[in-house]
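Work through the exercises below with the sequence and the structure side by side. Try each task before reading its solution.

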Amino acid sequence: MKIGNCAGVESAAAAARAGFDFIEVNVQSTFHGQQAQEPDFSAARAAALPLLAANCLIPGALKVVGPAVDRAALRTYLSYALARAASLGTRLLVFGSGAARMVPPDWSPDTATQQLIDFSAELAKLAAEHSVRIALEPLCRKECNIVNSIGQALHIIHAVNNPSLGLLLDLYHAEQEGDTPQTVANLGKTIFHVHLADGVTRAAPTAGGKTDYRRWFGVLRAGGYDGRLSVEATNFDVGGPDAAAVVAFIRKQWQAAAAP
């Protein structure tokens, strides 16, 4: 199990000092898939921690559902972004992208779901070509109006049926939507990645929070998950005095977790 923090390359040194194992960067601002010219990756290559994961896969202007989908533009963008991610060792990309997948008013939800399945199938195929994996993230209804629950995400994943597409478990979004640790029991290798934050406040994991991390970790461990956990919290300063305590708390909760 490795613990990471969602942060830019410039925060890697601070994250390393706090005890994190990796950073999870932003796809758009790190890999620049909307520009054909190769960016300067010298800072990324010299970062104090590896860039093992990345989020914010699709820019909001590149719609994946609705009447304004441009599949050619999406393919071009993704071909650049995925190739550059792979070249930097970033093998896991998170497909949340609420603005890109927001269903427009008066657009059929069933049509939007099929569009999302079709896009995810093409995305998974392209990911396999670049030896990266895609984790589909359910987003709470406050942030998006499609694929809000874990069950809805699993519907997309099963419909696509490609080993390059799996589930992103975000504890904040899961608890906001009423999902529980039992929801992810027995999912095994379907879970590709995990985001950590308090299910009520979205704060970084601490002993005083509302989320019972041991219950979630117990189910994950029972299902064979031993992958990566990324802190994705609001108002969290990875260079602040409490950052090391957050890492220590997560490690202690993981070690203490027992299958329910």
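Predicted model: local features only at pLDDT ≥ 70, side-chain atom pairs only at ≥ 80, totals over all residues.

Residues are numbered from 1 along each chain as its sequence is written, and side-chain values use heavy atoms, with hydrogens and water left out.

**Exercise 1.** Describe how H4 and H6 pack.

Solution. Begin with the naming: helices (H or I, at least four residues) and strands (E, at least two) are DSSP runs, numbered from the N terminus. H4 covers residues 71–87 and H6 covers residues 109–129. Next take the axes, which are lines fitted to C-alpha atoms, for helices over the stretch in contact, with angles running from 0 to 180 degrees between N-to-C directions. The two axes are 11 Å apart, at an angle of about 30°. That makes H4 roughly parallel to H6; the classes are roughly parallel under 35 degrees, roughly antiparallel over 145, roughly perpendicular from 65 to 115, and oblique for the rest. Last, list the contacts (heavy atoms within 4.5 Å). From H4, Arg71, Leu74, Arg75, Leu78, Ser79 and Leu82 meet Asp118, Phe119, Glu122, Leu123, Leu126 and Ala127 of H6.

**Exercise 2.** Find the angle between H6 and H7, and the residues that meet there.

Solution. The axes of H6 and H7 (residues 150–160) cross at roughly 55° and come within 9 Å. H6 is therefore oblique to H7. On the H6 side the residues are Thr113, Leu116, Ile117, Ser120, Ala121 and Ala124, and on the H7 side they are His155, Ile156, Ala159 and Val160.

**Exercise 3.** How many residues are in the largest nonpolar core, and which of them have the most contacts inside it?

Solution. A nonpolar core is a set of buried Ala, Val, Leu, Ile, Met, Phe, Trp, Tyr and Cys residues joined through side-chain atoms within 4.5 Å. Buried means under 20% relative accessible area, exposed over 50%, and partly exposed in between (1.4 Å probe, protein chains only). The largest core has 82 residues, and Leu57, Ile58, Phe95 and Leu169 have the most contacts inside it. H6 supplies the largest share, eight residues. Another core, of eight residues, lies apart from it, with Leu52, Leu92, Ala135 and Leu168 among them.

**Exercise 4.** Is Val94 buried or exposed, and what does Val94 touch?

Solution. Val94 is in strand S4 (residues 92–95). Its relative accessible area is 1%, so Val94 is buried. Leaving aside neighbours within four places in sequence, Val94 is in contact with residues including Ala54, Cys56, Leu57, Leu168 and His195.
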